[in-house]
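These are my notebook entries on one model.

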Amino acid sequence: MAKRSDIPKIRAKASSLLAKGKRKKALEQFKQLAQLEPDDPKTFQKIAEICAKDGKNDDAIDAYSTTIEKYMAAGFLVQAI
């Protein structure tokens, strides 16, 4: 199980995988980040974007809904829109 101290390493790996077009592996890393940082809307937004590109529409909608909730909870209403 990853620890909070692993967040920068996991984020860098996820971003690297995504840049290389390895969306499935990147998605796994972003989901791990979501567990470690459940209040970070940007992580959920990345999950939603990957799911949408992969045609996983229901998962994308769920992740986008969570993204909106996280942005609203943080007071970022413009980003939530």
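**Entry 1**

I began with Asp40, which counts as buried because its relative accessibility is 17%. Here buried means under 20% relative accessible area, exposed means over 50%, and partly exposed lies in between (1.4 Å probe, protein chains only). I kept in mind that this is a predicted model, where local features need pLDDT of at least 70, side-chain atom pairs count only at pLDDT 80 or more, and totals for chains, interfaces and linings use all residues. Residues are numbered from 1 along each chain as its sequence is written, and side-chain values use heavy atoms, with hydrogens and water left out.

What does Asp40 form a salt bridge with? I found Arg11, with the closest N and O atoms 3.6 Å apart. A salt bridge is a side-chain nitrogen of Lys or Arg within 4 Å of a carboxyl oxygen of Asp or Glu. The pair links distant parts of the chain: Asp40 sits in the loop between H2 and H3, Arg11 in helix H1 (residues 7–19), and 29 residues separate them. Helices are DSSP runs (H or I, at least four residues), numbered from the N terminus. Arg11 is partly exposed, at a relative accessible area of 28%.

**Entry 2: the other salt bridges**

I searched the whole structure and noted 5 salt bridges. One of them joins the side chains of Asp39 and Lys70, at 3.9 Å from N to O. Asp39 lies in the loop between H2 and H3 and Lys70 in helix H4 (residues 57–73), so this pair ties together parts 31 residues apart in sequence. Asp39 is exposed, with a relative accessible area of 63%.

Another pairs the side chains of Glu49 and Lys46, at 4.0 Å from N to O. Both residues belong to helix H3 and are 3 residues apart, about one turn of the helix. Glu49 is partly exposed, with a relative accessible area of 28%. Lys46 is partly exposed too, at 34% relative accessibility. I also logged a network: salt bridges that share partners join Arg11, Glu37 and Asp40.

**Entry 3: Lys46 and its surroundings**

I stayed with Lys46. Which residues is Lys46 in contact with, leaving aside its neighbours within four places in sequence? They are Leu18 and Phe30. Contact means heavy atoms within 4.5 Å. I also took the C-alpha to C-alpha distance from Lys46 to Tyr71: 14 Å in space, for 25 residues in sequence.

**Entry 4: H2 against H3**

Next I took helix H2 (residues 23–36) and helix H3 (residues 41–53). Their axes come within 9 Å and cross at roughly 155 degrees. The axes are lines fitted to C-alpha atoms over the stretch in contact, and angles run from 0 to 180 degrees between N-to-C directions. H2 and H3 are therefore roughly antiparallel to each other, a term for angles over 145 degrees. Their crossing is left-handed, meaning that the near helix is turned anticlockwise from the far one by less than a right angle.

On the H2 side, the contact residues are Arg23, Ala26, Leu27, Phe30, Lys31, Leu33 and Ala34; on the H3 side they are Thr43, Phe44, Lys46, Ile47, Ile50, Cys51 and Lys53. I sorted the residues of this contact into 9 nonpolar, 1 polar and 4 charged. Ala, Val, Leu, Ile, Met, Phe, Trp, Tyr, Cys and Pro count as nonpolar, Asp, Glu, Lys and Arg as charged, and the others, Gly among them, as polar.

**Entry 5: H1 against H2**

How do H1 and H2 cross? I read an angle of roughly 155 degrees, with axes that come within 8 Å. That makes H1 roughly antiparallel to H2. The crossing of H1 and H2 is left-handed. H1 residues that meet H2 include Ile7, Ile10, Arg11 and Ala14. Their H2 partners include Arg23, Ala26, Phe30 and Leu36. By class, I noted 9 nonpolar, 3 polar and 4 charged residues in the contact of H1 with H2.

**Entry 6: the loop between H3 and H4**

I ended with two residues here. Asp54 lies in the loop between H3 and H4. Asp54 is partly exposed, with a relative accessible area of 30%. The C-alpha atoms of Asp54 and Pro41 are separated by 20 Å, at 13 residues apart along the chain.

Lys56 also lies in the loop between H3 and H4. Lys56 is partly exposed, at a relative accessible area of 36%. Not counting residues up to four places away in sequence, Lys56 touches Leu27 and Cys51. Lys56 and Met72 are 24 Å apart in space, C-alpha to C-alpha, and 16 residues apart in sequence.

Terms used
Helices (H or I, at least four residues) and strands (E, at least two) are DSSP runs, numbered from the N terminus. Angles under 35 degrees count as roughly parallel, over 145 as roughly antiparallel, 65 to 115 as roughly perpendicular and the rest as oblique.
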